[in-house]
Amino acid sequence: MSDTAVTGPAPGLAAAESRPPASPRVGMLPPFDLLGRGPGAAGALLAQAAGAGIDHVCCGDHVSFFTGMGFDGLVQATALAMLHPTLPIYSGVYLLPLRHPVLVARQLADIARLAPGRLIFGVGVGGEDRHEVSVCGVDPATRGLRMDECLAIVRQLLTGNPATFHGTFFDLDEALVLPAPAAPIPIIIGGRSDAAIRRAGRFGDGWLGIWNSPRRFATAVAMAAEEAAAAGRPDPPSRHAMQVWCGLADSKEAARACLAPAMQAFYQIPFERFERYCPYGTADDVAQFLAPYADAGCVEFNLVPQSPDPDQAIAGLAAVKKLLA
């Protein structure tokens, strides 16, 4: 049992929001090759997104996903933050159990110095590629327990106070990471399972869902609140979000033609496995699909748009945001 296995919000971390925003925030995951286009082109696209009213940009995280592809999530977050002076950056999701929590706390504290108040730290255990987990030296069966220990340690270190922790996977005495972030870093727990939702209730400022229905989303919001109450947290987590792949074009056919091959290439399984969770068509079609999630308690959407060109993707997301408002 850990000396620092806190269950309520630790000092220095974002407290749960007291009320949801007037309308859902809408963020986008930019093209996967964005950072390879050079700082000029990448910065211009981020400026275009910000100018269109996009609330944040997202980045994923993989080490060796299926065919060996990947891009470290916190490296991406740092690069994106440096390419635009104000846009918040949302990691969705960083595979925290594959890393040592003291090193992650160092990275987070450094990003907080470079871009104060602009990082939303979404974390998850991964799930689609168990081989990616094992090649990092982690038994896939231990990911959940590792995540709990990592979250407890990271949260404590971000307060700027020494952390002593004696757990199953990590053994620390008086670990210290300074300076502590001046502004709290929201921690959002991703995952489809009940275990992930309960983890959000114990450790998170919110839950990040993917591949689930609005009914499941509403159930998750309630489950996270129940877990928070059982853990003695004074306020339940409320920064709940959905990560959604979508196709945006002038017709359903054109949008599906962009979305299906992109998802099949990324996940290495047929698009039909995802189709009921992935809206495609015009901005009206996508907003109509997302609205029930907002009604169920979703305050933030991380959209992964696939369109004939980036201009159409950004314009489509801006239109979706207005429709959801």
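Residues are termed buried when their relative accessible area is under 20%, exposed when it is over 50% and partly exposed in between (1.4 Å probe, protein chains only). The model is predicted, so that local features need pLDDT of at least 70 and side-chain atom pairs count only at pLDDT 80 or more, whereas totals for chains, interfaces and linings use all residues. Residues are numbered from 1 along each chain as its sequence is written, and side-chain values use heavy atoms, with hydrogens and water left out.

Ala 313, Ile 314, Gly 316, Leu 317, Ala 318, Val 320 and Leu 324 of H10 are buried. Their cover includes strands S1 (25–28), S11 (241–248) and S13 (300–306) and helices H1 (39–51) and H9 (283–295). At the start of H10, a side-chain oxygen of Asp 309 comes to within 3.0 Å of the backbone nitrogen of Asp 311.

Arg 155 lies in helix H5 (residues 143–157). Arg 155 is buried, with a relative accessible area of 1%. The side chain of Arg 155 reaches the backbone oxygen of Phe 203 at 3.2 Å. Arg 155 has no salt bridge (a side-chain nitrogen of Lys or Arg within 4 Å of a carboxyl oxygen of Asp or Glu); the nearest side chain of opposite charge, Asp 205, is 6.7 Å away.

Note on methods: Helices (H or I, at least four residues) and strands (E, at least two) are DSSP runs, numbered from the N terminus. Lys and Arg count as positive and Asp and Glu as negative; His and the chain ends are not counted. A polar contact is a pair of N or O atoms within 3.5 Å; within protein, one must be able to donate a hydrogen and the other to accept it, and residues adjacent in sequence count only if both atoms are side-chain atoms. Contact means heavy atoms within 4.5 Å.
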